[in-house]
Amino acid sequence: MSRTQENTRILLARRPHGAPKPDDFRVVTESRPEPGEGEVLVETLYLSIDPYMRGRMNDVKSYVPPYEIGGLMGGGAVGRIVKSCSPDIHEDTIVEGMLGWQQFAVAKPRHLRIVDPRIAPISTALGILGMPGLTAYFGLLELCKPQPGETVVVSAASGAVGSVVGQLAKLKGCRTIGFVGSEEKAAYVKDELGYDATLNYRVIADLQKEMSELCPDGVDVYFDNVGGPITDAVLDNLSQHARVALCGQISQYNNTRPEMGPRNLWKLIVTRSRVEGFLVTDFGQRYAEGISALAGWLADGTLRYREDIVQGIESAPAAFIRMLEGENFGKLLVRVDTPE
């Protein structure tokens with residue numbers, strides 16, 4: 001069988017106990033699928049590696065079903081249509097969709113978003129012009145409604161979501177503070193993204209003290225991607241009527257048992273603050289609006305982004321493990337080898 005007729009896929013071999021390990025995944029090579037009537041065959045060009053995938057590896061009830069043992073690792077991808085059996089979309093069209101960790105995928109056109117490569121590199125459809133960018137856009141602007149002069153704190157400030165949140169907050173005239181995990185990331189978010197201050201949580205002994213010194217008047221908006229001790233420290237320093245958007249809790253995803261929850265929720269009573277969890281899909285009917293706004297700011301240089309790209313579909317499990325350890329720098333993607 002020629003490589004063009006093969007389909008490399010990454011499956012879930014077993015459910016992780018704690019941090020995922022390479023043996024929790026299985027790489028298989030199968031025959032390339034063929035589209036049926038009304039379907040298309042998509043050749044994957046980029047895979048998206050995202051924190052939420054860790055939760056789907058567990059057999060627990062959540063907002064989406066868990067991955068099945070022996071089943072495909074799901075996730076977003078950008079690809080090219082190489083065969084179309086649908087009048088609604090033509091071959092060579094670039095699309096984005098939940099195609100999973102595989103070289104080729106069959107999909108229905110209604111489940112795909114057409115990507116215009118003239119606007120920006122197609123990889124951005126999985127980053128700043130995709131789910132992460134939209135998460136930042138709606139989570140900050142719709143849930144938190146930042147006002148000029150307010151202090152906005154973002155955890156995982158150099159990540160795919162946090163990097164956009166900070167830039168949008170600056171666009172709204174806010175003071176921005178970002179939590180990061182290295183001095184290199186601290187320099188990036190301050191010098192390149194315009195954050196006013198950074199906190200490297202890996203080297204700070206007393207996060208609460210540092211927060212109180214940086215924010216003597218309190219934190220007006222907190223965009224939480226991390227949870228854990230960072231969130232505890234921020235909740236201790238909220239201003240009156242602060243808004244907290246719960247986007248992710250990556251510090252907790254590999255825990256084998258839940259950590260003791262925050263004991264300082266009483267601060268929400270004192271400050272009359274609001275905490276709200278959300279999913280970007282809550283705003284699914286408004287994606288076009290968000291992408292249009294983000295693309296405009298990207299085109300005029302208002303927004304910047306960074307990608308961390310690894311090569312080869314077989315590298316996806318290792319990249320995923322590295323991301324959960326905080327070792328990625330920017331939006332993590334896998335560039336899939338094109339069969340010859």
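Biologist: Where is Arg306 found?

Modeller: This is a predicted model. Strand S14 covers 307-311 and helix H8 covers 287-299. Arg306 is in the loop between helix H8 and strand S14.

Biologist: Is Arg306 buried, partly exposed or exposed?

Modeller: Buried needs under 20% relative accessible area and exposed needs over 50%. Arg306 has 33% relative accessibility, so Arg306 counts as partly exposed.

Biologist: Which residues does Arg306 touch, not counting those up to four places away in sequence?

Modeller: Contact requires heavy atoms within 4.5 Å. With residues up to four places away in sequence left out, Arg306 touches Glu184, Tyr188, Phe329, Gly330 and Lys331.

Biologist: Is Ser48 buried or exposed?

Modeller: Ser48 lies in strand S3, residues 40-48. The limit for buried is under 20% relative accessible area. Ser48 has 3%, so Ser48 is buried.

Biologist: With which side chain does the side chain of Ser48 make a polar contact?

Modeller: A polar contact needs a pair of N or O atoms within 3.5 Å. At 2.6 Å, the partner of the Ser48 side chain is the side chain of Asp50.

Biologist: Which residue in S13 stands opposite Val244?

Modeller: Strand S12 (residues 238-246) runs parallel to S13, with four bridges joining them. Opposite Val244 stands Val275.

Conventions. Residues numbered from 1 in each chain as written. Predicted model: local features only at pLDDT ≥ 70, side-chain atom pairs only at ≥ 80, totals over all residues. Heavy atoms only, no water. Helix = DSSP H or I, 4+ residues; strand = E, 2+ residues; numbered from the N terminus. Buried < 20%, exposed > 50% of the residue type's maximum accessible area, 1.4 Å probe, protein only. Polar contact = N/O pair within 3.5 Å; in protein donor to acceptor, adjacent residues only side chain to side chain. Pairing = 2+ DSSP bridges.
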